[in-house]
Amino acid sequence: MAFGGAFANDLAKFIAQSTALPSYSTNWILHLHTADPGVGGDSTTTRAAYGSYAGVSVPRDATNWDTCDVTNPYAVNSAGGGFKNKLTILFPEKSDAGTVDLPWISISDTATNKIIYRARLNRAGVDSTLTVAQFGTPTIAPGSAIFTNV
């Protein structure tokens, strides 16, 4: 739904001061969060913490991501201004007892923990939450991780 604060600052310097953007990895790390990590947060802020949790590496390429409109229904559009996952994203199975609610997702650079984008999970144009119980596998359906800056 919005840029991470550190990335927004990098982008502002690029636009206003012609400062080069940092070199980012060819893969992003996706993290699930129990709440909005916020503008000032990094990928560890409100990050899921169940027993076997780990972020998931996803390549930055046209196989994994579609560009899309920035408003519902988030139609695929090469000039849309947003992007969403094309494929299912699987996180590690929850190994410990109890349930956890995971309404937020973030994209971070593999080297820094810096959030590039953060967003509410979305299902058919409606904000959604993954509720994961023991032995459940958090699964992000195609088109459910939508990143826009509006």
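Which residues of strand β3 (residues 56-59) make up its covered face, and which its uncovered one? In this predicted model, for which local features need pLDDT of at least 70 and side-chain atom pairs count only at pLDDT 80 or more, totals for chains, interfaces and linings use all residues. Residues are numbered from 1 along each chain as its sequence is written, and side-chain values use heavy atoms, with hydrogens and water left out.

The covered face of strand β3 carries Val56 and Val58, whereas Ser57 and Pro59 belong to the uncovered face. In a regular strand, side chains alternate between the two faces of the sheet. Strands, like helices, are taken here as DSSP runs numbered from the N terminus (E, at least two residues, for strands; H or I, at least four, for helices). Strand β3 runs antiparallel to strand β2 (residues 27-33), to which it is joined by four bridges, where two strands are said to pair if DSSP finds at least two bridges between them. Within this pairing, Asn27 stands opposite Pro59.

Confidence is expressed as pLDDT, the predictor's confidence in each residue on a scale from 0 to 100. The protein chain has a mean pLDDT of 90, with 99% of its residues reaching 70 or more; the lowest confidence is found in strand β1 (residues 2-3), at a mean of 82, and the highest in β6, at 97.

Aromatic rings were paired when the centres of Phe, Tyr or Trp rings (for Trp, the six-membered ring) lie within 6.5 Å, with planes under 30 degrees apart counted as stacked, over 60 as edge-to-face and the rest as tilted. By this rule the count comes to eleven aromatic pairs. One of them is the stacked pair of Phe83 and Phe147, with 5.3 Å from centre to centre and 25 degrees between the planes. This pair links distant parts of the chain, since Phe83 lies in strand β5 (residues 81-85) and Phe147 in strand β13 (residues 146-147), 64 residues apart. With buried defined as under 20% relative accessible area, exposed as over 50% and partly exposed as in between (1.4 Å probe, protein chains only), Phe83 counts as buried because its relative accessibility is 17%, and Phe147 because its value is 0%. Phe147 also forms an edge-to-face pair with Tyr117, at 5.9 Å centre to centre and 65 degrees between the planes. Tyr117 lies in strand β9 (residues 115-123), so its pairing with Phe147 in strand β13 ties together parts that are 30 residues apart in sequence. Phe83, Tyr117 and Phe147 belong to one aromatic cluster, whose members also include Phe3, Phe7, Tyr24, Trp28 and Trp65.

Side chains of opposite charge can pair when their charged atoms come close. With a salt bridge defined as a side-chain nitrogen of Lys or Arg within 4 Å of a carboxyl oxygen of Asp or Glu, a search of the whole structure finds four. Among them, Lys114 and Asp10 meet at 2.6 Å, N to O; Lys114 is in the loop between β8 (104-109) and β9, and Asp10 in helix α1 (residues 5-17), 104 residues apart. Both of these residues are buried. Arg118 is buried, at 9% relative accessible area, whereas Asp36, at 31%, is partly exposed.
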